Amino acid sequence: MGVQSAHPAFPAAERTLRELVNCAARPPSLLVLSGEEGIGKSHLARLLLADPALAPQTRLSGRCLALRQPLPLQPIIDALAAWSPPPHSVLPSVTGALRPLFPELSRHLPAGLVPLLDELSGQILRFRALRALLDATGQTILMIEDLQWADHTTLDFLQQLLASPLPRLTLVLTHRDDPTHMAALRDLLVGAPPLGAQRIDHRLSPLSTTEVGAMATARLDDHSQTVKQDFIHALHRYTGGNPGAVTEVIHSLATQAPGIPPGVRAVFAVPDGARRRTLAALRTLPADARAVVEAAAVTGGPVTTNHLAALTGLPLHATEQAVEHAWEHAMLHPEPGTDAYRLRHPLAQQAVYDNVPLYRQRALHLRTARALSHQHPPPLARIAHHYRYADRAAQWLRYAEAAADRAAHSAEHDAAADLLLDALTAAPTHDRRIRLALKLGRAALHARHGHHAIDAMGKVLDHDEPAAPNRGELRLARGILMRNQGHGTAGLDEIAAALPDLTTRPDLAARAMAAVALPSTTGWPLSEHLAWMERAHHLAPHTPDPALRLAISVNRAGALMFTADPRAWQAADAIPHTADTCPEKLEIARGNANLAHAATLLGHPRRAGAFLARAHANLDHTQSYLTGHAATAQLLLEWCTGQWSGLDNRAATAAADYADIPDLAAESTLVQGLHALATRGDLNAARYLLRRAADTTRYDTGVVLPAAAAALARIETAAGHYSQAIEATKPTLAHLRRTGGWMWGAHLAPVHVEALVKEGHHASAQDLMLEFAAGIADRDAPAAHAALITCQALLAQGAGNHDDAAERHQSAALSWHRIQRPYEAARATEAQGASLLLLTDAAAQPTLLRALDAYSELGATWDAARTRHHVREQGMVLPHRRGPRGYGNNLSPREREVAQLAATGHSNQQIAQALCLSPRTIEQHVAKALRKLNLRSRNDLPAPKSQLS
């Protein structure tokens, strides 16, 4: 495993380092580190030498150099020259033979010996002297790097050391996997260690995608966002996971464009250092070997010897010899499991490719395209690529369109859209551009990078004057993409503009009407969305395409659900759970993801979970937009239902993964901001993330804007800045008034009412509460109805009716519990306790402690700290927290909660559902409450606000 640091993202590397350290600490031992250039051998060796466990040992290092005339024993001499003998030490007399080699040690070395006349005797004496000097260094680690360039004398000396190890010496050797030099190293490195010595041979392998991601995140992290996954995958593919190459590319990106956030681009230039090294290696090859390497670089993938012979025009036997030379010089590598070869990684491939003259590039591309066209089935996309760079536009466009058709048929919509976008830029005629744009519109609806398609289709609409039906289809596809990509009402207007051109295409007209049916906080008034929905619903039976009929049904169910229309459940149940065709499955996945978002927002968590399960069951995970749509629905559901463990990291990953899809990024960022506020009380991070979410969203279906504005207002309210809280919520409140989307006001209405009350605007608060109540009166929106109770409680509290306020807050808490919203339930319980305090009610302390327990269980440290401060401010004593809290004969907060529900006639099953506990646990709580209250039956339990309080 390529090691970069003792970092938690590299656990295998950490284990390897520990094994090496343990071996080095028990000499005599030999550690051999090998791998390709840049793989991290030197880095690992330096981590080894710097490890605190090896601090008592002397550490010496030397490096072999790639010199035209190697210097005998140079790395050994360099290593020992840096050693300083202890004061008053006496070195063996034989070391006097080294005086000419070590002027730095002249005052420590004994007198020189009589020179020997023959070279062999002189070498024997030098070897004995070097061995004695090494032994005198004591417990020592000697590291020799880049052994592939070692001279023969150095290799002979190391061979002698290995044959008869010094008892206190650890030898660390590093070398490249270089076939050219392995023959010279084989005699040294092959074989078992002598008796009593230890040995570890470790070959470093490329980094995994996860490890490359950790490196990229550490070096390019921007505003605490995780680096985008498509960037990481491209970086891994481009560098082959080579740590040195990864580092060079990242440094090059940071140098070229330091202001560009990470993950925006996945196109890399070859760093200068990598280019120089690759071309230097290329120049050492014979002409035929250079030719096959250049041909392999142009093909862009694994290539057989036969193919290389055809491309270069060399005889087969000459091509085989050339490939052998290229392999020996580590320029070509065998492709595992095949008879093909490739360059080490795309970084090296690009460096070689850029060095090939343009006329030869084109000739090689043309030969490759013609050769590939004879394969069965022909790789259409690769053929199109080679014709494009052979400067054969007609063939390129023909094959690109055919490849896009094949990709679209296989539901590979990203690939189809990319091919069509490229082809559209070079299509020579109006008719061809219109045809390609229509195909692009169909593919891009399910592709990821839809914003490029929006621009391309806009140019065709502006300049190519398509006929009415084609113009309508293009506008429709473009409008849907604009809506999906977050262009707000501009996307809706584009779809509406398509309808006059679709009079002869009732199927597409119905699709257009269904597309504008989904409402938005920044969209049209709900009545307009619903009117279009009903028109589409009436047209649906007349459309022949089953996928289109399903799309209309899906959108109708989504529109009804987002508007909390009671008819939504029947419409949702009418959507099949699965289908036989891919287009229908995608519609089912999309529809259920929409339903999951709406159900979560409105307060139907169990149904939201069921919708998500159906979405995943039908989801083709190559569809990045739909995958992200389901992922953000899951994040929102987890936030609302209190499943917060690890949620921040998952939200950060999603925000980075879908940074180019505004509404998905906004929802992920919203969850991050809410999490930062509640769990860390990090007000600066929360403000930044919440504002970023609000600024990012484009076609918000009631999820982002109200929640972000409400959370920002809560921050201001907690600081006593009530007027700022009012201002923070005003813009989104205006959207709800304009659209009539009051069912989306569950977060917003209570904080706005609270700020108005505390600022003294009681009449305005009363008017808003009544407006909110009227807006949700006939809506199936449990969260909004629970929020309405909170608004009523706040108004009662503002009017001084603290008893009424406490009861309403308690009722709100129970309502939030029923819909599995533990955070809102805890906040309502805290508000109930605050109201009880104003009554000097004895129940205030246990109520606040119950809220504190709920916050602690969630990990809501900001709210827990506020509640704890409030309790202490009132002179209350917090219970001792060592071990489980004991309540004696008093009811615990949970027992009181269960008893209150049981006293109002709820069954154990209903209480379990409301509190998200098992019926068995509820049964135990009821039994304990009856025992503590000395009652025989649950029918004897007193109603709330009596003994239970």
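Ala234 lies in helix H8 (residues 229–239), helices (H or I, at least four residues) and strands (E, at least two) being DSSP runs numbered from the N terminus. With a relative accessible area of 5%, Ala234 is buried, a term that denotes under 20% relative accessible area, as against exposed at over 50% and partly exposed in between (1.4 Å probe, protein chains only). Ala234 and Thr209 are separated by 25 residues in sequence, and their C-alpha atoms are 9.4 Å apart in space.

The model is predicted, so that local features need pLDDT of at least 70 and side-chain atom pairs count only at pLDDT 80 or more, whereas totals for chains, interfaces and linings use all residues. Residues are numbered from 1 along each chain as its sequence is written, and side-chain values use heavy atoms, with hydrogens and water left out.

Strand S1 (residues 29–35) is largely enclosed by the rest of the structure, because seven of its seven residues are buried. Ser29, Leu31, Leu33 and Gly35 point one way from S1, while Leu30, Val32 and Ser34 point the other way, and all are buried. Strands are taken to pair if DSSP finds at least two bridges between them. By this criterion S1 pairs in the parallel sense with strand S4 (residues 169–176) over seven bridges, and Gly35 has Arg176 as its bridge partner in S4. S1 also pairs in the parallel sense with strand S5 (residues 198–203), over six bridges, where the bridge partner of Val32 is Asp201.

His365, a residue of helix H15 (residues 358–372), counts as buried because its relative accessibility is 1%. The side chain of His365 makes a polar contact of 2.8 Å with the side chain of Tyr353; such a contact is a pair of N or O atoms within 3.5 Å, of which, within protein, one must be able to donate a hydrogen and the other to accept it, and residues adjacent in sequence count only if both atoms are side-chain atoms. When residues up to four places away in sequence are not counted, His365 is in contact (heavy atoms within 4.5 Å) with Val298, Tyr353, His385, His386, Tyr389 and Ala390.

The buried residues of H41 are Trp862, Asp863, Ala864, Thr867 and Val871, and the elements covering them include helices H31 (662–680), H32 (683–696), H33 (704–718), H39 (822–838) and H40 (844–858).
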